[in-house]
Number of protein chains: 2
Amino acid sequence: MRKVAIVGTGHTPFTFATEKTSIELFSEAAMDAIIEANLRPKDIQALYLGNGLGDFSEGQAMLQSYAANDIGAFHIPATRFEGACASSSLAIRDAFIWVASGYYDVVLAGGVERAASMGTSMATRTFAMFTDSHYEYPAGLTFPAIFAMLAHLYAERYGVRLEKLKEQMALVSVQSHYYGMFNPKAQFRKEITVDDVLNGFMVSSPLQLLDCCPFSDGAAAVVLVSEERAKEITDKPVYITGIGQASSGKLSAQKDYLPRLRAREESAKQAYDMAGIGPGDIDVCELHDCFSIASLIAAESLGFFEFGKSGEAWEKGETKIGGKIPINVSGGLKAKGHPIGATGASQVTEIYHQLRAECGERQVEGAKIGLTDTLGGDGVLCTLIMQKGW
Amino acid sequence: MRKVAIVGTGHTPFTFATEKTSIELFSEAAMDAIIEANLRPKDIQALYLGNGLGDFSEGQAMLQSYAANDIGAFHIPATRFEGACASSSLAIRDAFIWVASGYYDVVLAGGVERAASMGTSMATRTFAMFTDSHYEYPAGLTFPAIFAMLAHLYAERYGVRLEKLKEQMALVSVQSHYYGMFNPKAQFRKEITVDDVLNGFMVSSPLQLLDCCPFSDGAAAVVLVSEERAKEITDKPVYITGIGQASSGKLSAQKDYLPRLRAREESAKQAYDMAGIGPGDIDVCELHDCFSIASLIAAESLGFFEFGKSGEAWEKGETKIGGKIPINVSGGLKAKGHPIGATGASQVTEIYHQLRAECGERQVEGAKIGLTDTLGGDGVLCTLIMQKGW
């Protein structure tokens, strides 16, 4: 298979409810990506679009064809991927194989969502459609409840006092908000404190409001090309060197494995093996912090810290710039925002710019290899994408 | 790229509302496909699942992970594709490239829908989400209205009197119902007459009830493998020799091109070019007859008949077994049923069995090359898959 490079990215601001349609939002990101790659719409041979709930949020399913037409990439094959919050990571992983196989040379991949526009009640209800809808959702398992349950399981499994865990979780949010201040695309650009988190509105014990990422509107897109085309376009291509994806059954089927999420660990093994590296080789990571506890769990399953020790790592600053493994210096889902269908593409965009040393005040100096981790639903799907600089 | 073969298929009965969940329905088809291929669930390396409206029909999005777990293909990457009525054709086309590229050797692809379970009102409304939801749906363009409009445009463009066209359209439904009698998986196994069609309930002039396919529940799945694996599994593998996919903008963006559908013609060009053949080489075709007029339009764009002449072809029996190009001898969407996310996989399944001469009373003798044509939405997406016997 051929090497595949990213040569352009686009990213709308992640925001509260916007009046733009999903197609308008995606087109904005898509055109920025095409322009950044010094290409034109007619150069795009196929579109891979992640979108979770366009049908519910604005009565528009199958956005992909309209989006392709809207950017002037007329008549190209356009495919929609739905994998909950990992929708656009699925799209990018898939776009990868179409280029790696030699079938296409230049494709566009990304995602869009108007989750904020739906309002909190509707978004909470429809997000729950990504859980097991026949047995577990009726038992009350909306997303905050699920991750609250994982937090309790985490505390129990690793013998961390719940009050201590709450402080560690708060630090996750505090760090994300700190870095979010330096990201002009972030929904929240406002510093918060541990006290702000601990004194906030209780959403689902032990998760308080600032343990939870927001509902967001936004889009992100990347241009993927063959190595040959990449070298014509830029002297700083970033290659996709590893991909991983795995699934799990419903939470109750995972039984004693929780609070670890099996799909992530299977996915990580694939991505590391394909890239021929290990967790210690990663210079910068964007992981799926839909809730603060999700960050702690993810960082362990990705191999950065021992199980049960993530909280201490955040306490020691090991996840900050200059630390062992800088995590979510974009602001993460927590501060940057989480328009679910766009999140994976947003993470890939951040890593791309980190590897090109274009991130200004949130730059991880000398970053050469970066990893994105995107969770779909309550962990039944996880997609990893590894990038490496030229 | 490697050759890719189909070596097993599964197909639930297509029915009126069922009490089975989408995951149960899909698993039934998937297990049949795996067993037919003499494989076990653990042999499946990835799942590609088409589903249009699982979130609306039963509050279950992201079926793919649950489905993979349900069939015992634990932890494999599982991806959902949504392209309206072409959802599972997208899934199969995509599964093709993962095997062709050498990344996987054995994958499962298919689709599922519970459209009948939604009831007619809900299904009509949610199907309309596949049209342009911001401008055209608010103008009244649900699917019956769209294809009724195309019928009027067809009559006008080609100078066919509307009453004549209605008779020709009726013949399309009559033929599909005739062949549906020989398909044990078909929703309708009942012969109808031209009079039955013409005297039926008017849905959207000139389309009467029997010009329209039904809402259906059902699932279909196929196992795709590399050539090497195919030869180990069967002495009658069927190869995918061509794929095509294209998109269009909303109907009003297609202007004077209507009633032809641009996405189909672009898609057909790709598939014929890839396979190195032309329309005259096709022995059997399953095309997207969501409405009787849709069959006439499709058969012309696929190159079987001159524009404006499809109706005459049906009148002359050229689309019957023994005719120039047997079309929809499975019963088509009209008689076999149209569980939208499953339709493409169902079409591919029919062609597979035709090429293996396993279709009994509806067998097209000596069929060596077959084509499926699946439309997504009101023509904004079209996917073609070409199969050829060993």
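## Loops with cis peptide bonds

B:Pro259 is located in the loop that separates helix H10 (251-254) from helix H11 (262-275) of chain B; helices (H or I, at least four residues) and strands (E, at least two) are DSSP runs, numbered from the N terminus. The peptide bond between B:Leu258 and B:Pro259 is cis, with omega about 5 degrees. Another cis peptide bond leads from B:Ser205 to B:Pro206, with omega near 10 degrees. B:Pro206 belongs to the loop between strand E5 (202-204) and strand E6 (207-208) of chain B.

The model is predicted: local features need pLDDT of at least 70, side-chain atom pairs count only at pLDDT 80 or more, and totals for chains, interfaces and linings use all residues. Residues are numbered from 1 along each chain as its sequence is written, while chains are lettered from A and ligands numbered from 1 in the order in which they are written.

## Positive phi values

A:Lys255 has a phi near 45 degrees, a positive value in a residue other than glycine. The residue lies in the loop between helix H10 (251-254) and H11 of chain A. A:Lys255 is exposed, having 8 other C-beta atoms within 10 Å. A residue counts as buried if 20 or more other C-beta atoms lie within 10 Å of its own, as exposed if 12 or fewer do, and as partly exposed in between, with C-beta atoms placed from the backbone.

B:Met62 likewise has a positive phi, near 45 degrees, and is a residue other than glycine. B:Met62 sits in the loop between helix H2 (54-58) and helix H3 (63-70) of chain B. B:Met62 is buried, with 31 other C-beta atoms within 10 Å.

## Relation of the two chains

Chain A is superposed on chain B by a rotation of 180 degrees with 0.0 Å of shift along its axis, at an RMSD of 0.0 Å. The two copies are thus related as by a two-fold rotation axis. The superposition is by least squares on the C-alpha atoms of residues with pLDDT of at least 70 in both copies.

## The interface between chains A and B

Contact joins 52 residues of chain A to 52 residues of chain B; two residues are in contact if their C-beta atoms, placed from the backbone, lie within 7 Å. Among the elements of chain A that give two or more residues to the side touching chain B are helix H3 (63-70), strand E3 (78-82) and helix H4 (87-100). By class, this side of chain A has 24 nonpolar, 19 polar and nine charged residues. Ala, Val, Leu, Ile, Met, Phe, Trp, Tyr, Cys and Pro count as nonpolar, Asp, Glu, Lys and Arg as charged, and the others, Gly among them, as polar.

E3(A) pairs with strand E3 (residues 78-82) of chain B in the antiparallel sense, over three bridges; strands pair if DSSP finds at least two bridges between them. Within this pairing, A:Arg80 faces B:Glu82 in E3(B). In H3(A), eight of its eight residues are buried, including A:Leu63, A:Tyr66 and A:Asp70. A:Gly72, which follows H3(A), has a positive phi, near 85 degrees.

## Domains of chain A

Chain A divides into domain 1 (4-119 + 216-238) and domain 2 (140-213 + 241-389), with bounds that come from an automatic or database domain assignment. The C-alpha centres of these two domains of chain A lie 23 Å apart. Their contact takes 36 residues from domain 1 and 34 residues from domain 2 of chain A. H4(A) gives the most to the side of domain 1 that touches domain 2, with seven residues.

## Strands and the nonpolar core

E7(A) is mostly covered, with nine of its ten residues buried. Seven bridges join E1(A) to E7(A) in an antiparallel arrangement, and A:Ala5 has A:Val225 as its bridge partner in E7(A). E4(A) and E7(A) also run antiparallel, joined by nine bridges; A:Gly111 stands opposite A:Ala220 in E7(A). In chain B, strand E1 (residues 4-11) has eight of its eight residues buried, so it is largely enclosed by the rest of the structure.

The largest nonpolar core has 289 residues, of which A:Val107 and B:Val107 touch the most other members. Such a core is a set of buried Ala, Val, Leu, Ile, Met, Phe, Trp, Tyr and Cys residues joined through C-beta atoms within 7 Å. Apart from its neighbours within four places in sequence, A:Val107 is in contact with residues including A:Ile44, A:Tyr48, A:Trp98 and A:Leu224.
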